[in-house]
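This report describes helix packing, aromatic pairs and selected residues in one model. The sequence and structure come first, and the text follows.

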Amino acid sequence: MYNPITIANYFIYKSIDEGLPITPMKVLKLVYIAHGWHLGIRQRPLLTEQTEAWKYGPVIESVYRAFKDYGKSDIQKVRFFTRRDKQEFEDLMMNNEDVQFLNKIWSTYKSYSGLQLSSLTHLPDTPWDVTWNKNGGSLMDGAIIPNSLIKDHYIEKARVNNN
């Protein structure tokens, strides 16, 4: 499992390397989607942090806080907040299996805007929709979207995609 900032930095690194724009919303949704697919395909969490249901979708709070100062502007550089962040990023880059997985997520979703990715996470019966609209998440701050709900959703997406 990785600190969510490490995964965010990986997508930022890819965007800079390929000359593609990446906003805080896009990176936030990519991290969430990568976590979802990891749960669905590999049956274990990618992230060390829970996902929360906020009014405007699923949020990994540390990623939101780390990059919110960019607003709607493109993120221009990876951000290491501690030496440990930098070391974990370097370790990730040496893990070929995880890099291949993240590259697949990147290649699948890189052409989507942050708004388009957000729309995907708001569809009916998505983990955010179930948590926010059906399980009372809208009535509390920081409602956790259970990993089991995310996992089941992405297992179903994988099943549908393979048929």
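A crossing is left-handed if the near helix is turned anticlockwise from the far one by less than a right angle, and right-handed if clockwise. The model is predicted: local features need pLDDT of at least 70, side-chain atom pairs count only at pLDDT 80 or more, and totals for chains, interfaces and linings use all residues. Residues are numbered from 1 along each chain as its sequence is written, and side-chain values use heavy atoms, with hydrogens and water left out.

Helices (H or I, at least four residues) and strands (E, at least two) are DSSP runs, numbered from the N terminus. Axes are lines fitted to C-alpha atoms, for helices over the stretch in contact, and angles run from 0 to 180 degrees between N-to-C directions. Angles under 35 degrees count as roughly parallel, over 145 as roughly antiparallel, 65 to 115 as roughly perpendicular and the rest as oblique.

| Helix pair | Angle | Axis separation |
|---|---|---|
| α2 (residues 24-42) and α6 (residues 114-121) | about 40 degrees | 8 Å |
| α2 and α5 (residues 96-109) | about 125 degrees | 10 Å |
| α2 and α8 (residues 147-162) | roughly 75 degrees | within 7 Å |

With axes at about 40 degrees, α2 is therefore oblique to α6. The crossing of this pair is left-handed. Contact means heavy atoms within 4.5 Å. On the α2 side the contact involves Met 25, Lys 26, Lys 29, Leu 30, Tyr 32 and Ile 33, and on the α6 side Gly 114, Leu 115, Leu 117, Ser 118 and Thr 121. For residue classes, Ala, Val, Leu, Ile, Met, Phe, Trp, Tyr, Cys and Pro count as nonpolar, Asp, Glu, Lys and Arg as charged, and the others, Gly among them, as polar. This α2 and α6 contact holds six nonpolar, three polar and two charged residues.

The packing angle of α2 and α5 is about 125 degrees, so α2 is oblique to α5. Here the crossing is right-handed. From α2, the residues Lys 26, Leu 30, Ile 33, Ala 34, Trp 37, His 38 and Arg 42 meet Glu 97, Asp 98, Phe 101, Leu 102, Ile 105, Trp 106 and Tyr 109 of α5. By class, there are nine nonpolar residues, one polar and four charged in the contact of α2 with α5.

The axes of α2 and α8 cross at roughly 75 degrees, which means that α2 is roughly perpendicular to α8. Tyr 32, Ile 33, His 35, Gly 36, Trp 37, Leu 39 and Gly 40 make the contact from α2, with Asn 147, Ile 150, Lys 151, Tyr 154, Ile 155, Lys 157, Ala 158 and Asn 161 from α8. The class counts for α2 with α8 are eight nonpolar, five polar and two charged.

**Aromatic pairs**

Rings of Phe, Tyr and Trp (its six-membered ring) pair if their centres lie within 6.5 Å; planes under 30 degrees apart count as stacked, over 60 as edge-to-face and the rest as tilted. Nine aromatic pairs are counted by this rule. One of them joins Trp 54 and Tyr 64 edge-to-face, with 5.0 Å centre to centre and 70 degrees between the planes. Trp 54 belongs to strand β1 (residues 51-54) and Tyr 64 to helix α3 (residues 61-67), 10 residues apart. Buried means under 20% relative accessible area, exposed over 50%, and partly exposed in between (1.4 Å probe, protein chains only). Trp 54 is partly exposed at 22%, and Tyr 64 is partly exposed at 32%. Ring pairs also connect Tyr 10, Phe 11, Tyr 13, Phe 80, Phe 89 and Trp 106 into a cluster.

**Selected residues**

Thr 51 is in strand β1 and is buried, with a relative accessible area of 0%. Beyond its neighbours within four places in sequence, the contacts of Thr 51 include Tyr 32, His 35, Pro 58 and Ile 150.

Asn 9, in helix α1 (residues 4-18), is buried at 1% relative accessibility. Not counting residues up to four places away in sequence, Asn 9 touches Phe 67, Val 78, Arg 79, Phe 80 and Phe 89.

Gln 43 sits in the loop between α2 and β1 and is partly exposed at 43% relative accessibility. Its phi is near 65 degrees, a positive value in a residue other than glycine. Asp 125, in the loop between α6 and α7 (127-134), has a positive phi near 70 degrees.
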